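Please look at the sequence and the structure before reading the notes.

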Amino acid sequence: MNLVEELKINRNLPDEELLHLINTDAYDDALMKAADEVRRSVYNDEVFLRGLIEFTNYCKNNCRYCGIRGGNGNAERYRLTKEEILDCCKEGHKLGFRTFVLQGGEDLFYSDEEICDIVRGIKELFPEVAVTLSIGEKTKDTYRKYKEAGADRYLLRHETATEEHYGFLHPEGMSLENRKRCLYDLKDLGFQVGAGFMVGSPGQKPEYILADLRFLQELKPDMIGIGPFIPHKDTEFKDEPAGNLELTLRLLSVLRLMFPYVLLPATTALGTIVPNGRELGLKHGANVVMPNLSPVRFREQYSLYDNKICTGEEAAECRRCLEVRVKNAGYRIVDARGDVINH
Ligand code: SAH
């Protein structure tokens with residue numbers, strides 16, 4: 001049996017073989033085919049939409065790779081009001097979106113009560129939609145309040161599961177330990193949880209990617225977000241190379257084989273490093289796309305990395321554009337919440 005077959009059947013490989021898969025392009029075709037088979041056996045040709053609302057780019061953190069880090073004095077900051085957020089949801093709902101993702105920097109301007117009020121506001125308008133939060137590290141008590149207000153899911157990439165690398169990418173005061181604590185608290189509270197990492201982040205080694213895969217096996221998240229690292233001009237990593245397309249696609253396939261049920265987005269970052277990146281992501285095992293629902297006038301300002309795509313189109317155009325892209329890749333957008341399948 002070859003490595004790909006073995007991974008497909010056992011959903012696992014010994015360290016050395018997994019490392020070999022990460023390091024070689026020899027299996028890329030076989031990986032893609034196997035990943036597509038598995039994704040079709042679990043989710044058919046369905047692709048789920050997540051309406052992304054980037055509601056604040058204020059951030060108290062200073063992650064070294066991120067364009068909206070607090071220390072970036074060149075970032076023009078904005079925040080949306082509850083009404084503006086609800087307007088985005090209303091527009092998205094008309095277009096068929098049944099999941100809204102509220103993402104932002106870690107912005108202390110919004111109290112727990114305010115976030116809960118926004119979540120309740122969305123749920124009152126549209127009881128059938130799923131609300132996902134992606135607003136960073138909080139206490140378990142705060143996460144509990146979000147859950148009680150009606151939030152269904154939470155995205156918090158672990159970024160890297162290797163202490164040393166985590167310390168390199170993040171400022172003092174942030175720790176892998178707390179990041180993991182958050183993820184386990186969220187799981188414990190009953191959120192559908194998403195973790196993940198950047199591919200090709202500065203200092204990343206194949207062994208670190210292996211550690212990321214091992215951590216994901218331990219956490220068993222419902223969603224996994226990976227995308228290439230892309231430099232941002234106002235960070236000290238501005239001259240670092242972007243993450244590699246082939247490696248990102250290979251890892252998407254590996255993840256699909258290791259976690260057949262997982263909700264796996266073809267990310268905006270992937271679509272940024274190459275024009276057909278999201279289509280390629282879908283063909284390699286991804287089954288989610290996350291079009292931007294933020295008001296167009298603020299899109300440029302949510303600048304995590306340079307040259308981010310989809311900053312100019314209205315939501316309706318995004319939906320149409322993705323409809324075509326998904327179809328060309330051989331799949332079909334469905335207007336459903338797209339909850340994880342039991343695993
Ligand atoms: N503040 C939230 C949301 C972060 S932004 C949180 O802490 O979870 C969402 C993701 O964008 C991050 O988790 C990170 O993996 C990714 N990201 C940030 N900067 C990036 C860059 N320069 N290139 C690619 N992805 C980046």
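A backbone N or O atom of tyrosine 65 lies 2.9 Å from a nitrogen atom of the ligand. The model is a predicted one. The protein buries 91% of the 560 Å² that the ligand exposes when taken alone. The notes below start with the ligand, go on to the chain as a whole, and end with single residues.

**Ligand surroundings**

- Glycine 104 also has a backbone N or O atom 2.9 Å from a nitrogen atom of the ligand.
- In glutamate 159 a side-chain N or O atom is involved, and this atom is 2.6 Å from an oxygen atom of the ligand.
- There are 16 residues around the ligand, and those that come nearest are Tyr65, Gly104, Arg157, Glu159 and Ile230.
- Sorted by class, this shell holds nine nonpolar, four polar and three charged residues.

**The chain as a whole**

- The protein chain contains 14 helices and nine strands.
- Its C-alpha atoms fill a box of roughly 55 × 45 × 35 Å along the principal axes.
- Of the 343 residues in the protein chain, 59% are buried.
- The protein chain exposes about 13900 Å², and 48% of this area comes from carbon and sulfur atoms.
- Counting contacts in the protein chain between residues at least 6 apart in sequence, 74% join residues at least 24 apart.

**Valine 131**

- Valine 131 sits in strand S4, which covers residues 130-134.
- Valine 131 has a relative accessible area of 0%, so it counts as buried.
- Beyond its neighbours within four places in sequence, valine 131 is in contact with Phe100, Val119, Ile122, Lys123, Ala151, Asp152 and Arg153.
- Aspartate 15 is 116 residues away from valine 131 in sequence, and the C-alpha atoms of the two are 36 Å apart.

**Isoleucine 115**

- Isoleucine 115 belongs to helix H5, residues 112-125.
- With a relative accessible area of 5%, isoleucine 115 is buried, because the cut-off for buried is under 20%.
- Setting aside neighbours within four places in sequence, the contacts of isoleucine 115 are Phe55, Tyr110, Leu133, Ile135 and Tyr146.
- Isoleucine 115 and leucine 186 are 71 residues apart along the chain, with 16 Å between their C-alpha atoms.

**Arginine 319**

- Arginine 319 lies in helix H14, which spans residues 315-329.
- The relative accessible area of arginine 319 is 11%, so this residue is buried.
- Not counting residues up to four places away in sequence, arginine 319 touches Leu49, Leu95, Gly96, Phe97, Ile333 and Asp335.

**Positive phi angles in loops**

- Asparagine 44 is not a glycine, yet it has a positive phi of about 50°.
- Asparagine 44 is placed in the loop between helix H3 (28-43) and strand S1 (46-49).
- The relative accessible area of asparagine 44 is 45%, which makes it partly exposed.
- Lysine 220, not a glycine either, has a positive phi of about 50°.
- The loop that holds lysine 220 runs between helix H9 (206-219) and strand S7 (223-228).
- Lysine 220 is partly exposed, at a relative accessible area of 45%.

Terms used: Residues are numbered from 1 along each chain as its sequence is written. This is a predicted model: local features need pLDDT of at least 70, side-chain atom pairs count only at pLDDT 80 or more; totals for chains, interfaces and linings use all residues. Side-chain values use heavy atoms; hydrogens and water are left out. A residue is near a molecule or strand if one of its heavy atoms lies within 4 Å of it. A polar contact is a pair of N or O atoms within 3.5 Å; within protein, one must be able to donate a hydrogen and the other to accept it, and residues adjacent in sequence count only if both atoms are side-chain atoms. Accessible areas come from the Shrake-Rupley method with a 1.4 Å probe; for residues, only the protein chains shown count as cover. Ala, Val, Leu, Ile, Met, Phe, Trp, Tyr, Cys and Pro count as nonpolar, Asp, Glu, Lys and Arg as charged, and the others, Gly among them, as polar. Helices (H or I, at least four residues) and strands (E, at least two) are DSSP runs, numbered from the N terminus. Buried means under 20% relative accessible area, exposed over 50%, partly exposed in between (1.4 Å probe, protein chains only). Contact means heavy atoms within 4.5 Å.
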